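Open the model in your viewer and keep the selection panel at hand. The tour moves from one selection to the next.

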Amino acid sequence: MLSAAAGFAVLNEGIVLKTYPDPALGWKVPTACAGDTGPHMQPGMVFSMQECMSMLEARHAKTWERVSKCITHEVTPPQAVSILSLADNVGVGPVCGSTLI
């Protein structure tokens, strides 16, 4: 399921192999790959596709570990990918607090 979620993210949201300014916050939040941010990101960094996919899969694994704890019913694999994508974009708290799950 995590591989499907990574593929979904790359196809629907894109991947950039270098740091770029966050669309809302600019260089205050350097961003790269499939939306990866954090103190390790600095302007001018360049990444391989393999590095970007590894970061995305690691982020998804952490997010899924947290969000799956609040899912109260069976979900299909496509539903799980959608829930993971939503949690990755808006945060685990809003997803777990929603009526979606």
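**Stop 1: helix α3**

Select α3 and look for its buried residues: Ala80, Val81, Ile83, Leu84, Ser85 and Ala87. Buried means under 20% relative accessible area, exposed over 50%, and partly exposed in between, with a 1.4 Å probe and protein chains only. This is a predicted model: local features need pLDDT of at least 70, side-chain atom pairs count only at pLDDT 80 or more, and totals for chains, interfaces and linings use all residues. Residues are numbered from 1 along each chain as its sequence is written, and side-chain values use heavy atoms, with hydrogens and water left out.

Helices (H or I, at least four residues) and strands (E, at least two) are DSSP runs, numbered from the N terminus. Now check the length of α3, residues 77-90. At 1.5 Å a residue, its 14 residues should span 20 Å, and the end C-alpha atoms are 20 Å apart, which agrees. The expected span is 1.5 Å times one less than the number of residues. Step past the helix to Gly91, which follows α3 and has a positive phi near 110°.

**Stop 2: α2 against α3**

Show the contact (heavy atoms within 4.5 Å). From α2, pick Arg59, His60, Thr63, Trp64 and Val67; from α3, pick Ala80, Ile83, Leu84, Ala87 and Asp88.

**Stop 3: the salt bridges**

How many salt bridges does a search of the whole structure find? Two. The term means a side-chain nitrogen of Lys or Arg within 4 Å of a carboxyl oxygen of Asp or Glu.

Select Asp36 and Arg59: their side chains meet in a salt bridge, 2.8 Å from N to O. Asp36 sits in the loop between β2 (26-33) and α2, Arg59 in helix α2, 23 residues apart. Both are buried.

Next, Asp88. Its salt bridge with Arg59 has its closest N and O atoms 2.7 Å apart. Asp88 is in α3 and Arg59 in α2, 29 residues apart. Arg59 has a relative accessible area of 18%. Shared partners join Asp36, Arg59 and Asp88 into one network.

**Stop 4: Cys33**

Finish in strand β2 at Cys33. Its phi is positive, about 55°, although Cys33 is not a glycine. Cys33 is buried, with a relative accessible area of 1%.
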